[in-house]
Amino acid sequence: VFLASSDPASSNSTLGIHMEILRFLAAGNVDDGKSTLIGRMLYDSKALQKDLIENIEKLSQRNGMEFNLALLTDGLKAEREQGITIDVAYKYFQTSKRKFIIADCPGHVQYTRNMVTGASTADLMILLVDAPKGITEQTRRHAAIGSLLGIEHFVVCINKMDLVNYDPGVFYKVRDEFQNM
């Protein structure tokens, strides 16, 4: 993970965002891990009700998989059946210091307009990049949309590093390519 900013004066050590509520979105290409990342955040922050966790456990088992954190954000039946995000899913959690509103945005090209909706009120974008695939046209599109909508702070999350044997060269290649966009 590395931080990027559309403001060259911003520091990578702090986002400079001082507000009670932080609105952010997870964006990136399809299957880069957006819903799973948000599910992990919600699960780890203990922002989920016990019955929801139990339902996701049952649904995961029914589909022959381990506990699938991505299912925590897929609210539409079609999303759960197809295993994709179609509409923006808003989730909420808080810590003792801040409240968060997360927009889980779709990665498919045909649902880009839904991603724009999620980005329209965001203060920060978490842009996921699949390490084996690297930066794709959709990654570039989401970054450009975020920038055009005035999002100043980006967290670029290079996911699935295990699939490239944690090769630091892959990380640095993606980082450099993003910073030169």
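**A buried aspartate and its strand**

Asp-130 is buried, at a relative accessible area of 5%. Please keep in mind that what we are viewing is a predicted model.

Which residue forms a salt bridge with Asp-130? The partner is Lys-160, and the closest N and O atoms of the two are 3.2 Å apart. Lys-160, for its part, is partly exposed, with a relative accessible area of 25%.

Let me turn to strand E5 itself. The strand is mostly covered, as 7 of its 7 residues are buried. In a regular strand, side chains alternate between the two faces of the sheet. In E5, Leu-124, Ile-126, Leu-128 and Asp-130 point one way, and Met-125, Leu-127 and Val-129 point the other way.

Which strands pair with E5? Strand E2, residues 21-28, runs parallel to E5 and is joined to it by 5 bridges. Within that pairing, Ala-27 has Leu-127 as its bridge partner in E5. E6 also pairs with E5 in the parallel sense, over 7 bridges; here Leu-124 has His-153 as its bridge partner in E6. Together, E5, H5 and E6 make a right-handed β-α-β unit.

Is Glu-137 buried or exposed? At 58% relative accessibility, Glu-137 counts as exposed, whereas Arg-141 is partly exposed at 26%.

How many salt bridges does the structure hold? The count is 6. One of them joins the side chains of Asp-176 and Arg-175, at 3.0 Å from N to O. Asp-176 is partly exposed, with a relative accessible area of 32%, and Arg-175 is also partly exposed, at 26%.

I close with another arginine. Arg-40 lies in helix H1, which covers residues 34-44, and counts as partly exposed at 38% relative accessibility. Its C-alpha atom is separated by 8.2 Å from that of Ala-70, a residue 30 positions away along the chain.

How values were computed. Residues numbered from 1 in each chain as written. Predicted model: local features only at pLDDT ≥ 70, side-chain atom pairs only at ≥ 80, totals over all residues. Heavy atoms only, no water. Helix = DSSP H or I, 4+ residues; strand = E, 2+ residues; numbered from the N terminus. Buried < 20%, exposed > 50% of the residue type's maximum accessible area, 1.4 Å probe, protein only. Salt bridge = Lys/Arg side-chain N within 4 Å of Asp/Glu carboxyl O. Pairing = 2+ DSSP bridges. Right-handed = clockwise from strand over helix to strand, strands pointing away.
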